[in-house]
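Here's a quick briefing to read with the structure open beside you. Take it topic by topic, and find each residue as you go.

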Amino acid sequence: MTDSVIHKDQAQLLAEKIAQDKVTTPETLPSIPDLATLDAQHADADAETFLRAMIDEFDGRIALVSSFGAESAVLLDLVARVKKDLPVIFLETGMHFAQTLTYRNKLIKQLGLTNVQSVTPDPADLAEHDADESLWQWDTDQCCHIRKVLPLQKALSGYDAWINGRKQMHGGLRVRLPRLELSGGHIKVNPLAWWTRDDVEAAFESSGLPRHPLVEQGYPSIGCWPCTQPVDSDDDVRGGRWNGQDKTECGIHVTMLRSQA
Ligand code: SF4
């Protein structure tokens, strides 16, 4: 598959984003010029080639974070082709649809993934802030913070880099997403940043990947059940997430960044 190229100069975009985010570089990570160079070295690589290169580059210090949502299978499939025992972190918020958990188990088995780790919130945080599981009704940022952001920070403490499936075509804050970012003390690897919806559909078809069962019920993006709605038109892929709120991201892609600003 040839990735849809809607980028001009990824090294330049990366440098701009780093400057905007005012991110500092921990000594253990590549310097900003090194990261920009690394990005530029692989500018013409397709997603699988790029993914393989980054797994080699950060050997033993990189994990995939997956929601096992509507599009997750395509990246999980690529990872399975490269390294079936790559650590895959699943944020088990306690608020997933039952269909997501069933789908997760189905994909693990079909793809032969051997190192999927479910990460749960700290019981003390839940007891203190969300004992009756109603926090999402009045403070979604705080709910995401204790159910997603803090558990992920803890889970990633032993890694330098993590892979995720965000794409520019999701819109919002993602429209200029590069394939490499420096954020929150980690390198974020976004192999599918340039993929279009047609690329995703083609990957599902060519690899015979199963669909999340909620997709056919009108959910183009799937997260926790309280904060995910079906949509009338899937033109806005993430339109059903936190419907009616300004919130467009769960926090794992913004809060960790702000903590370094
Ligand atoms: S997506 Fe909703 S239910 Fe899930 S952690 Fe965030 S606020 Fe809570």
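Which residue in β2 is the bridge partner of L64? It's V88. Before going further, note that this is a predicted model: local features need pLDDT of at least 70, side-chain atom pairs count only at pLDDT 80 or more, and totals for chains, interfaces and linings use all residues. Residue numbers start from 1 along each chain as its sequence is written.

**The overall picture**

- The protein chain has nine helices and six strands; helices (H or I, at least four residues) and strands (E, at least two) are DSSP runs, numbered from the N terminus.
- Of the 261 residues in the protein chain, 38% are buried. A residue is buried if 20 or more other C-beta atoms lie within 10 Å of its own, exposed if 12 or fewer, and partly exposed in between, with C-beta atoms placed from the backbone.
- Take the contacts in the protein chain between residues at least 6 apart in sequence: 75% of them join residues at least 24 apart. Two residues are in contact if their C-beta atoms, placed from the backbone, lie within 7 Å.

**The sheet**

- Six strands make an open sheet with mixed pairing, in the order β3-β2-β1-β4-β6-β5. Two strands pair if DSSP finds at least two bridges between them.
- The edge strands, β3 (116-119) and β5 (180-183), each pair on one side only.
- From one strand to the next, the twist averages 30 degrees.
- Helix α7 (residues 140-155) packs on the sheet and touches β1 (62-65), β2 (88-91) and β3; its direction makes about 160 degrees with that of β2. Axes here are lines fitted to C-alpha atoms, for helices over the stretch in contact, and angles run from 0 to 180 degrees between N-to-C directions.

**Strand partners**

- In general, strands of a sheet pair through backbone hydrogen bonds, either parallel or antiparallel.
- β1 and β2 go the parallel way, over two bridges.
- β4 (residues 161-163) and β6 (residues 186-189) are also a parallel pair, with three bridges, and A161 stands opposite I187 in β6.
- β5 and β6 run antiparallel, joined by four bridges. I187 of β6 is the bridge partner of L182.
- The hairpin of β5 and β6 has two residues between the strands, and G184 there takes a positive phi near 60 degrees.
- β2 is covered on both faces: V88 and F90 on one side, and I89 and L91 on the other, are all buried.
- β5 is covered on both faces too, with L180 and L182 on one side and E181 and S183 on the other, all buried.

**The core**

- The largest nonpolar core has 49 residues, and L76, I89 and W162 have the most contacts inside it. Helix α4 (residues 72-82) gives the largest share of this core, seven residues.
- A nonpolar core is a set of buried Ala, Val, Leu, Ile, Met, Phe, Trp, Tyr and Cys residues joined through C-beta atoms within 7 Å.
- Leaving aside neighbours within four places in sequence, L76 is in contact with S66, L107, L111 and L113.
- L113 sits in the loop between α5 (98-111) and β3. L113 is buried because 22 other C-beta atoms lie within 10 Å.
- P87 is 26 residues from L113 in sequence, yet their C-alpha atoms are 9.0 Å apart in space.

**A closer look at A161**

- A161 belongs to strand β4, and A161 counts as buried because it has 20 C-beta neighbours inside 10 Å.
- Beyond four places in sequence, the contacts of A161 are M54, F58, R61, I62, H186, I187 and V189.

- Most residues other than glycine have a negative phi.
- F68, not a glycine, has a positive phi of about 50 degrees. F68 lies in the loop between β1 and α4 and is buried, with 23 other C-beta atoms within 10 Å.
- E133 also has a positive phi, near 60 degrees. E133 lies in the loop between α6 (123-129) and α7 and is partly exposed, with 13 other C-beta atoms within 10 Å.

**Around the ligand**

- The ligand is surrounded by 13 residues, and the closest are T140, C143, C144, C224 and C227. A residue is near a molecule if its C-beta atom, placed from the backbone, lies within 6 Å of it.
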